[in-house]
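Keep the viewer open as you read.

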Amino acid sequence: MSGALAIALVAIVAGASCGLAGVFLVLRRLAMMSDAISHAILPGLVAGYFFARGPNLIAAFLGATAAGVLTVFLVETIVRMRRLKEDAAIGLVFPALFAIGVLLVSRYFANVHLDTDAVLYGEIALAPFDTWNVAGRNLGPQSLWVLAGLGLLNAGFLYLFFKELKLSTFDPGLAEILGFRPGLLHYSFMTIIAMTTVGAFSAVGAILAVALIVIPAVTASFWTTRLPVVIVLSIGIGAFAGLLGYGAATAIDVSISGAIATTLGLLVGGSALFAPRTGFVAQALLRRRQRWAFAATALVIHLAHHRGTDAEVEESRLDHLQAELGWSSDEVNRIVRESEEAGWTIREGDRLVLTETGARAAAGRLVADRA
Amino acid sequence: MSVRPALAHAIEVRDLTVAYEEKPVLWDLDVDVRSGALTAIIGPNGAGKSTLLKAILGLVPRVAGSVSIFGKPLSEDRGKVGYVPQRSSVDWDFPADALDVVLMGMYGRLGWLRRPGRTEREKALECLEEVGMRELAQRQIGRLSGGQQQRVFLARALAQDARLYMMDEPFAGVDAVTEQAVVETLRKLRDRGKTVVVVHHDLGSAPEYFDEAILLNVRLVASGPIDEVFTPENLHKTYGAGARFLVAP
């Protein structure tokens with residue numbers, strides 16, 4: 001396997017696996033938990049090193065995963081004690097664990113080279129050099145296998161417990177009453193999240209791991225409200241960001257992790273702006289449309305209010321509307337056009353006259369609001 | 001006091017105390033819920049109405065006391081209780097449509113690992129039909145009005161097909177149409193022999209909607225048939241001096 005292909009594959013598989021893992025994490029409003037886990041695993045790595053009396057991949061993995069689960073446990077305990085909210089508890093727990101890790105490293109492993117840049121930013125470019133060899137055969141980068149395994153673990157868990165996860169995320173009370181053990185499910189899920197974070201962390205670094213877990217799921221939820229589609233989109237977005245980021249990094253010769261993270265940022269930013277219905281632009285347009293439609297309704301209610309009274313002629317004059325309803329002449333024109341398009345009013349000289357449709361619309365609106 | 005035949009109790013609560021930190025929210029409660037009746041839990045804000053409901057369901061830890069449902073602890077037979085949480089307690093941005101939520105009512109019967117199939121989907125659609133929401137089955141739940149969301153919860157309760165229903169403020173913040181739909185659903189459930197317990201905050205409508213009432217203010221004030229417990233004295237004990245303004249003349 002060529003080096004370039006190995007790196008590209010690691011980036012794609014990391015994106016797909018993390019994208020899948022992140023869906024329920026984001027739905028459970030626990031996105032920050034992945035950040036906490038990614039930092040808190042440092043003391044776990046040290047503990048793994050300590051127990052295995054040296055660098056050992058499996059011991060490091062188990063230690064780091066245990067530290068991740070410990071983070072979740074500590075955060076929930078603090079929340080349950082009703083002293084703090086989840087985000088505050090997260091902010092309290094992970095710097096403490098990270099600090100313990102830093103202390104342990106500097107006290108016991110001062111002579112071991114531990115590059116803090118590599119911890120935070122990772123070095124995906126080194127992936128091809130860390131290969132998995134079985135019986136003399138080179139099976140490709142180790143991190144590729146780890147990430148693919150984690151992706152399968154996530155997929156299997158989600159496949160088996162999809163219904164249970166969905167219920168315990170949406171309505172934990174009902175899940176508990178029906179005997180679905182939401183607590184047990186939660187810790188199983190968070191253990192898998194911890195393992196995924198550790199795996200992604202060792203392949204692509206802490207920051208990109210968090211970005212790959214959180215951003216695809218958030219991006220996907222801008223585009224659909226169907227959970228199965230959110231899941232498929234999230235996997236696709238993660239993989240796509242991995243591929244595109246890698247391509248961009250080689251094309252313009254910048255950091256691969258940085259390019260992937262930037263791609264993710266552009267995808268979520270673009271979605272936040274331009275997604276139909278939920279995007280910023282769509283929302284702004286909708287608000288504007290609603291504003292004019294509402295003003296037109298206010299206009300017909302005003303006209304209906306004075307219809308058939310002595311003041312009708314005076315109250316329906318266009319210049320009077322401008323003064324009385326506090327609208328500028330541009331606004332009056334816009335609102336009158338809106339109500340004419342709806343067939344609610346017609347113009348007679350300098351007066352506005354309510355049509356039957358308009359009268360019904362005004363009456364209907366008043367009744368609807370009273371109900 | 002009128003003499004009534006001894007009826008089976010759907011719920012028996014004995015010496016129940018619930019506290020947050022050191023502060024008691026429910027203090028040594030003994031109360032029974034009559035089987036086959038519509039019962040309202042009534043009391044002022046902070047009286048522990050929701051907490052009583054959740055303590056019966058095992059959703060908040062008890063300091064002391066015991067609860068039995070149809071003679072057994074809940075953990076021995078979980079299929080018998082339907083639950084409608086407070087509307088504000090769930091995340092309505094969740095990517096699910098009305099049908100998905102109603103299907104959740106049938107997860108208990110399916111048990112672990114089994115998925116809802118066509119039979120479940122048809123049953124769920126029927127339940128949506130019963131609350132007048134069939135046309136909105138595919139609508140994402142966040143795009144429903146508050147009253148429509150409440151009706152989705154009712155449809156889910158119907159789909160659960162339980163013996164006992166526990167509902168937390170189903171009348172809170174709903175429009176007149178939904179209020180009527182809720183009342184009709186409650187009566188329908190009673191006519192099918194179900195027991196329904198509802199946390200309710202409107203004293204005025206309570207005697208019309210319910211058969212029995214539990215008046216609560218941290219301690220139990222009174223419980224039994226609603227026209228017997230709704231005495232000025234009991235209401236005064238529950239609400240303090242403000243009570244006479246709360247009841248329609």
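A salt bridge here is a side-chain nitrogen of Lys or Arg within 4 Å of a carboxyl oxygen of Asp or Glu. Keep in mind that this is a predicted model. Over all chains, the structure holds 16 salt bridges.

Start with Asp91(B) and Arg29(A), whose side chains meet in a salt bridge at 2.8 Å, N to O. This pair crosses between chains: Asp91(B) sits in the loop between β5 (81–84) and α2 (98–104) of chain B, and Arg29(A) in the loop between α1 (3–27) and α2 (31–51) of chain A. Asp91(B) counts as partly exposed because its relative accessibility is 22%, while Arg29(A), at 57%, counts as exposed.

Now stay within chain B. Arg192(B) and Glu130(B) form a salt bridge through their side chains, 2.9 Å from N to O. The two come from distant parts of the chain, 62 residues apart: Arg192(B) is in the loop between α6 and β7 (195–200), and Glu130(B) is in helix α4 (residues 118–130). With 44% relative accessibility, Arg192(B) is partly exposed, and Glu130(B) is partly exposed too, at 31%.

Another pair to look at is Asp161(B) and Lys194(B), a salt bridge with its closest N and O atoms 3.4 Å apart. Here Asp161(B) lies in the loop between α5 (146–160) and β6, and Lys194(B) in the loop between α6 and β7, 33 residues apart. Asp161(B) is partly exposed at 44%, but Lys194(B) counts as buried, since its relative accessibility is 14%. Shared partners also tie Glu130(B), Lys188(B) and Arg192(B) into one salt-bridge network.

What about a buried charge with no salt bridge? Glu169(B) is such a case, and the nearest side chain of opposite charge, Lys49(B), is 4.8 Å away. You'll find Glu169(B) in the loop between β6 (164–168) and α6 (176–191) of chain B. Its side chain does make a polar contact of 2.6 Å with that of His201(B). Beyond its neighbours within four places in sequence, Glu169(B) is in contact with Lys49(B), Gln86(B), Gln150(B), Val199(B) and His201(B).

Leu273(A), Phe274(A), Phe280(A), Val281(A) and Leu285(A) make a nonpolar surface patch of about 500 Å². Helices α11 (256–274) and α12 (280–306) of chain A each give two or more residues to the patch, with α12(A) supplying the largest share, three residues. Val281(A), in helix α12, counts as partly exposed because its relative accessibility is 35%.

Notes. Residues numbered from 1 in each chain as written. Chains lettered and ligands numbered in written order. Predicted model: local features only at pLDDT ≥ 70, side-chain atom pairs only at ≥ 80, totals over all residues. Heavy atoms only, no water. Helix = DSSP H or I, 4+ residues; strand = E, 2+ residues; numbered from the N terminus. Buried < 20%, exposed > 50% of the residue type's maximum accessible area, 1.4 Å probe, protein only. Lys, Arg positive; Asp, Glu negative; His and termini not counted. Polar contact = N/O pair within 3.5 Å; in protein donor to acceptor, adjacent residues only side chain to side chain. Contact = heavy atoms within 4.5 Å. Patch = residues over 30% accessible without salt bridge, like charges linked within 9 Å, V, L, I, M, F, W, Y side chains within 5 Å. Areas by Shrake-Rupley, 256 points an atom, 1.4 Å probe, with all protein chains shown as cover.
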